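This report describes the surroundings of a ligand in a protein and then the protein as a whole. Please keep the sequence and the structure in view while reading.

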Amino acid sequence: MAPGLASSVALVLAAFLGCLCLVALSEDDLLENLRFVRRAQDAPLVSHYNYIVIGGGTAGCPLAATLSEHSRVLLLERGGLPYRNMSNQQHFTDALADTSLASPAQRFISEDGVVNARARVLGGGSCLNAGFYTRASTQYVQAAGWDARLVNSSYRWVERALVFRPDVPPWQAALRDALLEAGVTPDNGFTFDHVPGTKIGGTIFDNNGERHTAADFLRHARPGGLTVLLYATVSRILFRQQEGVPYPVAYGVVFADPLGVQHRVYLRDGAKDEVILSAGTLGSPQLLMLSGVGPQTHLEAHGIQVLVDQPMVGQGVADNPMNSVFIPSPVPVGLSLVQVVGITKSGSFIEGVSGSEFGIPVSEGARRLARNFGMFSPQTGQLGTLPPRQRTPEALQRAAEAMRRLDRRAFRGGFILEKILGPVSSGHIELRSVDPRANPAVTFNYFQDKEDLDRCVHGIETIEKVIQSRAFANFTYANASVESIFSDSANFPVNLLPRHVNDSRTPQQYCKDTVMTIWHYHGGCQVGAVVDDDYRVFGVQRLRVIDSSTFKYSPGTNPQATVMMLGRILHEVASHLCHIISNELLPVLFPKLPYPPHAF
Ligand SMILES: Cc1cc2nc3c(=O)[nH]c(=O)nc-3n(C[C@H](O)[C@H](O)[C@H](O)COP(=O)(O)OP(=O)(O)OC[C@H]3O[C@@H](n4cnc5c(N)ncnc54)[C@H](O)[C@@H]3O)c2cc1C
C-alpha cells in the first residue's frame, strides 16, 4: 500500500476507534469500519502470529498496539466492543447493574460476601471504571525496579491518548476544600502525581462526559500488524517440550468462538515470539491453572494435567476495601465521578462521587426500562440487611419496590469514600470448574490484618471531619449529625455480610460491616512469585503475564494509569530500539529487559 493511502486508512481507523465509545452505533456498524477487528466465529480454525495477547483489556490493548509496530499480533478478547451501556459517565452504574450474560461487567461475589465485577469487553476495566487517573508514586516505581525515565515516557504516551483534566463541579470543589480544612495538606492542585495532600487528578472522561478507554490505544496500532478477535474465549495455553530446553515452551493457544467452535493459534516460531497473558487479576491465574501451571493438588482435584507445580499461582490476591458514606444534600448535586483525592499520610485515600444517578437511573424512561437502582440495586442481590438465606427473589422484589417508592430527593447527594493503601491482607483464587467462562472462587480476606483496619478507621475519621467542615456545609443538612449520616449508610445494601446494627457506630465495626470493593483487586501472578522481573512465567518459556495480576500492591490511589503504562513500557523502547541500536546499549538503557534480547 502506498504510504499516503496507508496513512489515510490509519486516519479513518483512528477516527472510528476514537469514536468507539462516543457514538451509540451498533456493533455491526462499527465492525464494518474496523477492518482489523473481527468476531471470533469469522476467524480461521488455524492461524499463526508473532505474539498472541490473551485479553483485550486495560493492559492488553496498549500492549498489542505497541507490539504491532514491528510484529504480527493477535489480540483475543472474550467480550465485545465497548459501545453499549458504558459510553458516558451517566451510565457508570448501568453496566455494573447489568447481570446478563451479555453484560460488559461479569459480576462475581467474593467468598467474603462482597459483590464485585470484572470486565468482559474490549478495553477491559477501563470501560467500566470511574475514570480517575493517577500515576504510581516515585517510591512504588523504585520498589518495582522500573526504569523511571521509561515509566515517565510510557505514562506520557498513555496521557496523550486518553487522559483529560476534569471540569470540577461545586460538589467536588467543596470536597477538595473540606479535605484541606480537615488537614489533608498540602493543596497539590491538578496533578497526576501520587503525593500526600489533596489534589485534582486526571480522568479518562472528556469534558462532555464521554468515556475514552484502553481500546482507543488500538488507533496507534499498525493496521497490518494487528488482528483483534472479539468473543474469543481462550480455554488454554499450549505447551510442548523442545529439544535442548529444560522447560515446557508455550507455542499457541486454544480459543472458542460463541458457536462453541475451537480455534487454534500458533506462534510463528521466530526467536522473539511469545504468548502474553493480559486477562486480568481473575483471568490470568485462572488460565495458567487451566493450562496446567499452578498448585499441583488443586489442579489434580479438577482433573487438570499438571505441567508445572507452581503453588504461588492464584496466591497473594488482594482487594483494597472501600467504605463509603452517603451524604444527603439539601441542594441539587450534579453527577461527578472521582476527580478529587485526599492522600493522607496514614495510608487512607479519600475520594468522592456525587449525583442521584448512583441510586437511581437518570431519566424516568431509563428508570422504567432498566428497573434497577444502579450499584445499590436490591435486584443485583445486595440485600445487606437480610441474612443470605432470606435473600429470596420475593425479598429482592419487595426491596426493589420499596426503593422505587422512595422520593427522588432521598438519592440527592454524594458518596465520600475511602480506600486504604496496600492492602496488607490478601487471599487467593481457586478454580471452581474447568470452564474458562465461569468465575473462579476469590477470597480477599478484607481487614484480616489489623494495619488495614487501622487505616480504614483513620479514613473514616477524616471523612467525619470533611462532613463537619465549613467548606462542605452547603452540601449537608444543618440538622443531620455525623452519627445519623453514618448510621443511615450502615443500613445500605452494599454487601452480603450480616450487620451489627448496634455496633456499627464504632468506626472499626463500620469498616467491617460496610466493606465494599473499589475494584482495584490485584495479584495472583505476582512478580517474584509467579513471574520474574521481566514478567516471564517461572518454569516455562515464551509466556509472560502483563496486567494487574502481577502487582503486589495497588499502585497510586487508583491503578489504571500504571496498568496501561505497563502494557506500553515492556515493549516500547525494546521494540523500537532493537531495530536501531546496538545490543550493547540495550541493557544499559533498560537493565531489566532480557539480554541477549531473545524475546524482542
Ligand atoms: C467499576 C470499576 C471502577 C474502577 N475505577 C477505577 C478508577 O476510577 N481509576 C482507576 O485507576 N482504576 C479503576 N478501576 C480499576 C481498573 O479499571 C483495573 O485495575 C484495570 O482495568 C485492570 O486492568 P487489567 O488489564 O489487569 O484487566 P482488565 O482490564 O479487566 O482486562 C482483562 C481482559 O481480559 C479478558 N479476558 C479474561 N479472560 C479471558 C479469556 N479466557 N479469553 C479472552 N479474554 C479474556 C477480559 O474480558 C478483559 O477484557 C475500576 C475498576 C472497576 C471494575
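In this predicted model, the shell around the ligand receives at least two residues from each of β12 (233-240), α8 (280-290) and α15. The shell holds 35 residues, of which Thr 58, Glu 77, Gly 125, Ser 548 and Gln 560 come nearest to the ligand.

| Residue | Ligand atom | Distance |
|---|---|---|
| Thr 58 | oxygen | 2.7 Å |
| Ser 548 | oxygen | 2.6 Å |
| Asn 558 | nitrogen | 3.4 Å |

How much of the ligand's area does the protein bury? Taken alone, the ligand exposes 1,000 Å², and 96% of that area is buried by the protein.

Gln 560 is among the residues that come nearest to the ligand, and it is found in helix α15, which covers residues 560-580. Is Gln 560 buried or exposed? Gln 560 counts as buried because its relative accessibility is 6%, while the limit for a buried residue is under 20%. With neighbours within four places in sequence left aside, Gln 560 is in contact with Thr 58, Ser 126, Asn 129, Gly 131, Phe 132, Tyr 133 and Ile 204. With one of these, Asn 129, the contact includes a polar one between the two side chains, at 2.8 Å.

The UniProt record, in an unreviewed entry, lists Gln 560 under "binding site", together with Val 121, Val 234, Trp 519, His 520 and Pro 559. Trp 519 is placed in the loop between β25 (516-517) and β26 (543-545). Trp 519 has a relative accessibility of 27% and therefore counts as partly exposed, a class that lies between the limits of 20% and 50%.

**The loop between β25 and β26**

Asp 532 also lies in the loop between β25 and β26. Not counting residues up to four places away in sequence, Asp 532 touches Val 527 and Phe 538. Asp 532 and Arg 544 are twelve residues apart along the chain, and their C-alpha atoms are separated by 9.0 Å.

**Annotated segments and a helix**

The unreviewed UniProt entry also gives residues 119-142 and 280-294 for "domain: Glucose-methanol-choline oxidoreductase N-terminal". Residues 119-142 are 21% helix and 12% strand, with end C-alpha atoms 30 Å apart. Residues 280-294 are 73% helix and 13% strand, with end C-alpha atoms 16 Å apart.

Helix α11 (residues 393-405) contains 13 residues. From its first C-alpha to its last, α11 reaches 18 Å, which is close to the 18 Å expected at 1.5 Å a residue. Within α11, the residues Ala 395, Leu 396, Ala 399, Ala 400, Met 403 and Arg 404 are buried.

**The protein as a whole**

The protein has 600 residues, and buried residues make up 61% of them. Its chain forms 16 helices and 26 strands. Among contacts with a separation of 6 or more, 71% are between residues 24 or more positions apart. The protein exposes about 23,000 Å², and carbon and sulfur atoms supply 53% of this area.

Terms used. Residues are numbered from 1 along each chain as its sequence is written. This is a predicted model: local features need pLDDT of at least 70, side-chain atom pairs count only at pLDDT 80 or more; totals for chains, interfaces and linings use all residues. Side-chain values use heavy atoms; hydrogens and water are left out. Helices (H or I, at least four residues) and strands (E, at least two) are DSSP runs, numbered from the N terminus. The expected span of a helix is 1.5 Å times one less than its number of residues. Buried means under 20% relative accessible area, exposed over 50%, partly exposed in between (1.4 Å probe, protein chains only). UniProt positions are given in the numbering used here, feature names are shortened, and annotations may be inferred rather than shown by experiment. Contact means heavy atoms within 4.5 Å. A polar contact is a pair of N or O atoms within 3.5 Å; within protein, one must be able to donate a hydrogen and the other to accept it, and residues adjacent in sequence count only if both atoms are side-chain atoms. A residue is near a molecule or strand if one of its heavy atoms lies within 4 Å of it. Accessible areas come from the Shrake-Rupley method with a 1.4 Å probe; for residues, only the protein chains shown count as cover.
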